[in-house]
Structures are given as C-alpha cells and as structure tokens.
Amino acid sequence: MTDSLELDGKRVSFSAGETLLEVARRHGKEIPTLCHDPRLKPAGACRTCLVEVNGFRRMPPACATRATADMQVTTNSERIQRHRQGLLSLYLTDHPETQPERLSKNQLVEMAERYGAAGDWGSMASERAGRREDRNPYVHFEPDLCILCARCTRYCDEVEAVNAITLAHRGAKTTIATVDQASLMDTSCELCGGCIDVCPTGAMTEKLPLTRQVKPSKHLKVVRSTCNYCGVGCQLDLNVDTSANEGRGKVVRVTSPETGTTTNDGNLCVKGRFAYDFVDHPDRLTVPLIRQPDGSFKEASWEEAIRVAADGLSRVKSRHGADALGFVSSSRCTMEDNYVVQKLSRAAFGTNNCHQCAAT
Amino acid sequence: MAGPATGVPSGARIPDLRLRTDLVSGFLRRRDCVVPSCRSMFRSKKRHELPDALREIGGLADGRSKQAAERTGVPEAEAYGVATFYHLLARPDVSLRVCTGLSCRMAGADAVLETAQALGISSEGCSCLAACDVPPAVLAGRRVLPRVTATTLKQAGSVAALGSAEWKGAIGPDPGDAASLALHLAAPPDFSGRAFAAAQQLGADGVIAAIETSGLQGRGGAGFPAHIKWKGVASQAEKVRYVVLNADEGEPGTFKDREVLLRRPDLVLEGMAIAAAAVGASDVYLYLRGEFEIPWGIVEAAIAQFTASGVLGDVRFHMHAGNGAYICGEETALLEALEGKRGMPRLKPPFPTEFGLWGKPTLMHNVETIGCVPAIVLRGGEWFKQLGKTEAGSKLYCISGDVQRPGTYELPLGVCLDELVEAAGGYVGELRAFSPGGASSGFLPASERTRPLDFRALADAGSMLGSAGVVVLNTSADLKRAVFDQLRFFEDESCGQCAPCRIGTRYLREQFIKHQDAPDVRVEALRHAAEVAWEMNEGSICGLGQAAPLPLTSAMQHFPEEFEA
C-alpha cells in the first residue's frame, strides 16, 4: 500500500510503515542522525533528526515518526537549523576538545563542523564512569567520547540478544556499563565487537595492541571479502595498510560493511572481526604440500596434489571397496563446497560415508 | 550406483536465488513496532518484579544485580542499569536523606544535613520529599519525617530516635458548605461506594459525558482535558486496557497528592474504579513514590476495606512503589518503571491511551484528578465546572515558603496568589517572588500577585500552573540560591536519555556557579544561557528537559538586577 505526503513542498509517495527518515532519505533529503541504525528500533534519543511537521507543536524525530497520509514535513528551516546548531554546540561542551587521531571518524565532530555548531560554549565536567579495569582483549571503552546514543546497548540487546552492556546511572552521570562494571570477560559478552561498529564517535574501539600500528582510516584501503571461518559467508571489510610488509600489504583491522548491503547486514562475530592475524601468519598454508616417504612435506602444484589424492583414494576403493572410504568436510566450507564433497563421495567414489564437521 | 538427480535440464530458466538484500533489510527495519520500549517486553515474564527484587535483596552492591537477575530472568546488565537509575536502590546505605527542596532549604535544611554528618549519620541531600508544608523534611529509610530541624536532630542524636509517627499536613479553608468542594479533604473517608453505584447507573457513556461536561483538566501538571483520555482509551480496538494512578508526586513545592492519599484514599480508589469501569479495564495500578511509606499503608488499608465490602465491583488494585526518581512522574517514564525498567520517558506519540502499560491502552491520571471523579459522578459535571473561578472545578493549591500556614488549600481554580495566601494566614515578610507551580514553573515577580493561578493565565505569563505547588519568597530570601537549587534539582533528576536535557541541565548549573563565583566571567558565563534554554525546550524528549531552564531564564527575565555585572 502506498500513500503520499508533502516533503519540503513536494508530493512524494511512501509505503505503509515507513518512517519520515526513510522517506526523506529515499528522496535525497539530508537529515543527520547519530543514534539511528536501521537494525535497531528507533530511540529518538540523539535528537539530531528532528523535523517540522504541520500540526505538531514540537519537532518530532524523523527516525521514530511514521509517515501518514498528507503529512506536511519540512526537513530544513530556520528553526531546524537553529536546533541543530544549538544541540551540536551542547554536545561539544561535553566532548573532549582535542581529538586523538582515531581509527573511526567521529561523526559528532564532523556533523558539528558541517552544521556550523559553535565550539566556544565552554566545556563541562563529565562524570561518566568507565570500567575500572577490563581484561577483555578486544573492546575498549572511552567514556569521555561517549554521547549516550545507546546504539551499542541496543545493538547488544536487539540484534545480538546478549545484553552484556546497559545504560547505567542517570542524568549527566549516565554511562555505558556492564553488570557491576565487571570486565566483559565476566559477562554474557561474546566479544562480537558490534558495539565498536555501531559507535558513532569512537568511544568504543578495538583495544591495543590490536590497533597499535593502525593508521587513521583515510590511509587504509578497504577490501570487501568473505569471512572464511564458517559457511555462513559473512561479508566483511578488510582494512589494508598497503605500505606494510614491504608493499605486500597487511590487514590491520576488520570493519563491517554498511547495514542493509550484505546478507549478514553488517553483523560479525568475534572470529570474523578480530581473528584476522592468520592472514599473514608464518604457519599459514598457502600452497599444497605432499607428504614424502620420509615424513617431510614438499610443496606441490594443485594438479599434482589432486592427482596424488585421487590416486590414493582410488587405490583404497579398488582394494577394499568404496565403503572403506569416508569424506569429512569442514564447517569453514560453504554450502556449495559441502555439496560438492558429498557429490564426490557419492557419485565419484560411490559411498554414502560423508559428513561435515558442523553436522553433529 | 547413481547419485541423486541434480542436473538442471538444458534450457531451463534458473531462478535468481540471490538474496535480495534490499528487501531483507527493509523487512528487518519494519518487522516490529516503532516504539523502542516494547523491545524486551516479551522476554521475562517477571521483569516488572525487578525493582522489588532489587529492593528486597538490599539495593545496589556488587553481586546484587546478578541475584536480582537470577530471580527475575532479566539480563544481569539490565538489572544493574535499573539498580543504578533509582536513588533509593542505588545508595541503600544512606540512612537519612535531607530534603534540599526550596521550602526545606529556606527552613534550614543545610544545617540539618551538616548536623547529620557531624553526628556520623550516613546522610545526603535529596530532591523534594513532597513535604514542603512541614519543613525541613527528612527521609529515614523510606519514611518522610516532618519538621526535623538541626536542633531536633541534635537532641535525638540518631535516626531511630527521631521516631516514625504518622502525620498529616495542614488543610483549609473550611468551606462552610461541603458542596463547594470536589475533594473536601476535611471530610471523613466514605467507603460506601455510592459514587461507584451512581456511575453504574449512568453507564460508561454517561460517566464520560459527565467528565466532559465538568471540564476536568489533569491536575498533575499538563492540564490536559480528562475526557479526551477517557474517550481515547474507551475507543481502542484492543480490549485489554489498564488504569494507572500517578502518585509519584515529586515536583518541588507540591504535596497535595500526599495529603489526598493521607486523608481521602476512598476518593482515589473509587475514582479509579469508576474510571476502570468506564473505559473497560479491570486492572488498576497504583504507582506511589517510594518515599510515600505512610500514604502506602493508608491506601493499602483502604483497598482492603473496599475489597472486603465488594462495593467497587470486581476491579483489581495493584500497588507499586517507586524507588526515588522524580522523572517517573512523567507518565511514560512511570510506565517504564512499572514494567521494571529504567524510568526513561518514551517518545510520544503514541500516547498511553493507545500504547501504554505493556503496550495496552492505558488511562493515566494524577491523584487529585482521579479524586475529583466521585464528586463529579454524584453531583454532575455542571456542578463541578461552576466550582471554578476562571477554569473548571475546585483546585488543591499547595502553599509553602514565606507564608503563615503552609498547607494544602482547596479553592476555586483561578484564585490569585493574594487570595491563596490569605487563606494560608497571610504573608511572612514582604513578597518578592513566587513560584506558582513547582520548580518547572520558574519564578514570577510580586507584580503577578493578582494573576489568576490557572492553566491558561500562567501559560500566558511564560510560566505554568503545573501541579500548583506554590512557593512564596519574601524580600529576605536568597533568590539566586533558589535558582541554583532548582537547577541542581533538574540536573539530579534528568534521566540522561536525551542530550539537550542531560547536557543542558548540567551546563546551566555549572555556568551558573561560574557566574556566581568568578567575578571576571560573571556576564560571560551566562552568555549562551538563553540559547541553551531554547534548545532544551525544543529538543528535549519530555517535559523535564523542556521546563528545566525556566528557573534560570525566568529569574533573568524578571529580576535582571540580580544578574548584572
């Protein structure tokens, strides 16, 4: 069902259930957001997306307001501009003046520049507590940079259903906390790092030493790849320092593709996001190896290796019958790979002895 | 041996099985309700028991949130989030809290707190205890004790020795004719249920028509026409509906709801039963602020009396104690608290009449509003309407500060300050300023003493009637200290959810201190105050943040001499 409303004086259509933010963005209107994430239910907490709607005394948040027929919506006006500048100026009073060179862009600072927020309203003492000491290896929380948009806590709740972190305390002391401010290791946290991905200001980041040698994001090349830890096939973005390793490049960080563009919708698990060291680990196998009679391995081509394997398997089959063979494939293989392995087992060798390690 | 047939016949069209991610993400976006607060609604069936569980376990301390989580099935982190939100849960070891509200401060609360600390009592200042008529008030455990001065505390020497007797505040004036008051606090409680019986005769439509005729406006602060809410709930397609009593009275300067609960719980319960029948609800929830230990006992006894006699039909009353958070007086924050969550206001719309407690249509009223209902049913809407002076009904005004007899006075809605103070025995000293409706209404100068204290006239003056908590300041009062107290109150009580309020309340308080303490930046410190106030009003989610700058901006407007360099 579609209906229409008036967006900045122009008639546009929308589908039932769409929010004003979705309609406006679909029509190329610029509405800033900080707490919005399409994966999460709207919170309307950051207040950056307020728009004017005829008949509404107060400016409603575009992210949480559903479009209704014949609404008259204004996405830019003097009132909206004044609000954005005032709001962002207030945010800046509660934000560190000097920004450390960060892995991620600080969307708040960028937004403040873009909308001309005054940076001279002074600064105030922030009392947001951090975790006393957190021995988890991956996630670092910098309370000073936090703007309490609650994307991380909502993500942890609504997407991951893990609920390791929460908003705690209230008023200006509100902070992001774990139960009793314990280390993430002592909570239900699965270290998926989604909190890092959703954080708009870099308050949640990868921990040292994961980030020790990382250059700011503008110096890194982003390469879309497929996580090979399991068959799900999550898409991830390898951030490559192209000058490292004598020009061969080095993966220094993994980030999520934009929400809504991949099947995993930007979600990753601890392995996909943090366990990329294997890529250039010296123990990693990069060419086939054939075991020699003396037990040592010799590098070989794929043709050679496949021939040796085929010969060996055929030999067992001819000597002991097909059911003397068994095929086990890896959960790191894709569904298609697994399909081919069972095909190889059943059609090429003639045995139903096939299995996949995740199928237990 | 052939494998299973898998080949695709040549020439067959292979369907495109690639996932349409645009459709998937679109679906993900719209799969559910736009209201954030319903997200964990279906998780734990015992979530609403979380605050009580935390309280029974003893409040916040390492390990307690985990215990409460185990007991209720709520995630540990969320239990911690709730425990840290509510003052009475977050700091369970404080044995004495001294009210730092305006009237208590004027009556020497600072000295009480100093004395308590000198005596080694674990103590702290706290937000208004709804006892401004008996200042200075203190909270021992969860019991409000009246008129505890530094001297009495010193003589007592300990919290236990202060006693715990039940008490009531002063009321007035004596109407002569009982038929001129809707609540009539001086009359003995009436447990006969005759208003409920009369409502059954009228039928739901008849009752709602009477409410509409009466012109009853919500007496919690907003002044919203009551009948619109009643009709709103009654007309919902959803048949499970609730009625909720907002007895989280906490607006500094306000104590009328306390007095109604202490003296006429019958009116409130009967009003709730009438409302429930009229809007098709059978469960009624009463949310009393955690500090209302004495009213709690009185209401509990009244419920028992009504339940025993059965005169209110089969309505079921459920009582819920707050845990120390002014923001829970905001209706949607109250609903969150009832559901066992952090009391952070929801976005509106949708309003509670459509999406209220557990997502069901909910009629919510302030104690005084619902207390007017039995009289309206018995005497008719037109009668109620005529009781008012400039707007409908009689009204409970709370008056404290520099007046002879602070208390709760039921007068025609629309009397002016002079008339109100006359009922309270007159001014003490010479009037300089007054706050007409709690901290949220800011300050008005003495020249406004004849302005009707009603919803419209005060809104026209840039103030509000709010909860009609009138505080009078005479020429000896420290106005700037009063401004500071109100600013700090809002900072302490901001829920922290939205930036304009969370940051703005602290910013204004800090800048105000700079203005006070640093002569070189005296004017500069408040240079952006007006713009911050504008943004807080425009950008905040709920009324707290919207009203929070008013004590400062109204003082700057009406008393500019206080702010000159």
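**The interface of chain A and chain B**

Four salt bridges are counted between chain A and chain B in this predicted model. One of them joins the side chains of Arg82(A) and Glu531(B), with 2.9 Å from N to O.

On the side of chain A that touches chain B, four elements each supply at least two residues: the helices α2 (78-93), α4 (151-159) and α8 (335-349), and the strand β6 (166-168). The largest share comes from α2(A), which gives eight residues. By residue class, the side of chain A that touches chain B divides into 25 nonpolar, 20 polar and 21 charged residues.

In residues, 66 of chain A are in contact with 67 of chain B. In area, the two chains bury about 5700 Å² between them, and 53% of this lies on carbon and sulfur atoms. Lys41(A), Trp121(A) and Arg170(A) supply 14% of the area that chain A buries against chain B, more than any other three residues.

Helix α7 of chain A runs over residues 302-320, 19 residues in all. From its first C-alpha to its last, α7(A) reaches 27 Å, close to the 27 Å expected at 1.5 Å a residue. Gly321(A) follows α7(A) and has a positive phi, near 95 degrees.

Note on methods: Residues numbered from 1 in each chain as written. Chains lettered and ligands numbered in written order. Predicted model: local features only at pLDDT ≥ 70, side-chain atom pairs only at ≥ 80, totals over all residues. Heavy atoms only, no water. Contact = heavy atoms within 4.5 Å. Buried area = accessible area lost by both parts, 1.4 Å probe. Nonpolar A, V, L, I, M, F, W, Y, C, P; charged D, E, K, R; others polar. Expected span 1.5 Å × (residues − 1).
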